[in-house]
Amino acid sequence: MHIPDGYLSPATFGFFYAVMIAIWAWASRVLKKVLKLRQVPILALGSAFSFVIMMFNIPVPGGSTGHATGGALLAIVLGPWAALISISIALFVQAVIFGDGGLTTFAANSFNIAFIMPFSGYYLYKLICIGKPSTARKIFAAGFAGYISLNLAAIFTGIELGLQPLIASKPDGQPLYAPYPLKIAVPAMALEHLILFGFIEAAVTSAVISYILKNERTLLYTEHKWKYKIP
Amino acid sequence: MHIKTKLWIWLLIIALIVPLGLIATAPAWGEWDTAQLMEKLGYIPEGLKKIDRLWNGIISGYVPESFENSPLSAIGYIFSALTGIAITAGIALIIGRILSGKREVNELQNETGMGINGEEK
């Protein structure tokens, strides 16, 4: 899901830089108001976890690979805004130090993995946990949020790639950047995440949430009575 | 042991088994290099060619060059995992400290009358 340099046209990656700079600025505004010094080590832990979990590449038949990202998990533990920042940091280190994901596409990758994923995952989890949820319901909700949010991020990635031939092609129709149209890119991205990677994400999310609920429930942002209001 | 310590230990264990991620060698969908694109399409998109590999990273592909294609690549991968964890956590600590403004939780307790763990005081 880490779009490399060259797959998005300048108009597209420029657009995502504009969008993400606004979102990052808003996130810092929110966190400046609410983030406590004591929560900072958890932020760092989450960021490092997200970094390392993305190194587990899993093959699918058909010659592709993918991985979990921890996007929904971090949102349930840290809240969506802190998750946005910590996953963005992991993506930044992956791009700059390890050449995984492009520099031009860093903002677009952050949009998919650090914005769409934690926010959709967080609100899905909240939705399923309405009322007085049992521990079993919370663990299920975590897995479900992981599954759906990863798929949403994959579909967004597919749409961004699939739009490229429409946005930037030579006069003879040869694409200048990502070469496959929407009708190929979206199903290709969606399918492998629907059949496999989504379940891996669900398993990771459920396992860690279940571990934290058992050991120290109050580590979870979603368990705090005092949690900040989402603006 | 505090839960945070436990989670850090789990994270280091995960870093040690990270070479399992090397078993899959194929690129992800939409992340092909130019040679693979040539094979798939019969051409390399011109715009893509111009900014392809704009930046390879310092440790490209998570395995240091001298470790590539050898049994040592697993060790290189673990090294990258640990390096990445350290850098990521370091940046997050710095950004977190700046954003938190070193605000301690006491302030919050005063505001809400609740403890860090959400219990009523």
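Which helix gives the most to the nonpolar patch? The answer is α6(A), with four residues. The model is predicted; local features need pLDDT of at least 70, side-chain atom pairs count only at pLDDT 80 or more, and totals for chains, interfaces and linings use all residues. Residues are numbered from 1 along each chain as its sequence is written, chains are lettered from A and ligands numbered from 1 in the order written, and side-chain values use heavy atoms, without hydrogens and water.

Areas follow the Shrake-Rupley method with a 1.4 Å probe; for residues, only the protein chains shown count as cover. Leu163(A) sits in helix α6 of chain A. Its relative accessible area is 31%, so Leu163(A) is partly exposed (buried is under 20%, exposed over 50%, partly exposed in between). Helices (H or I, at least four residues) and strands (E, at least two) are DSSP runs, numbered from the N terminus.

Ser149(A) also belongs to helix α6 of chain A. Ser149(A) counts as buried because its relative accessibility is 0%. A polar atom of its side chain lies 3.3 Å from the backbone oxygen of Gly146(A). Beyond neighbours within four places in sequence, Ser149(A) is in contact (heavy atoms within 4.5 Å) with Ala72(A), Met117(A), Ser120(A) and Gly121(A).

Ala72(A) is one of the buried residues of α3(A). That helix spans residues 71–78 of chain A and is mostly covered, with eight of its eight residues buried. The buried set also includes Gly71(A), Leu73(A) and Ile76(A). Their cover includes α2 (40–53), α4 (80–98), α5 (106–128), α6 (135–167) and α7 (182–216) of chain A. Gly79(A) follows α3(A), with a positive phi near 90°.

Chain B comes to five helices and zero strands. Along the sequence the pattern reads α-α-α-α-α. Of its 121 residues, 40% count as buried. Among chain B contacts between residues at least 6 apart in sequence, 36% join residues at least 24 apart. Chain B exposes about 7000 Å², and carbon and sulfur atoms supply 62% of it.

Methods
Buried means under 20% relative accessible area, exposed over 50%, partly exposed in between (1.4 Å probe, protein chains only). A polar contact is a pair of N or O atoms within 3.5 Å; within protein, one must be able to donate a hydrogen and the other to accept it, and residues adjacent in sequence count only if both atoms are side-chain atoms.
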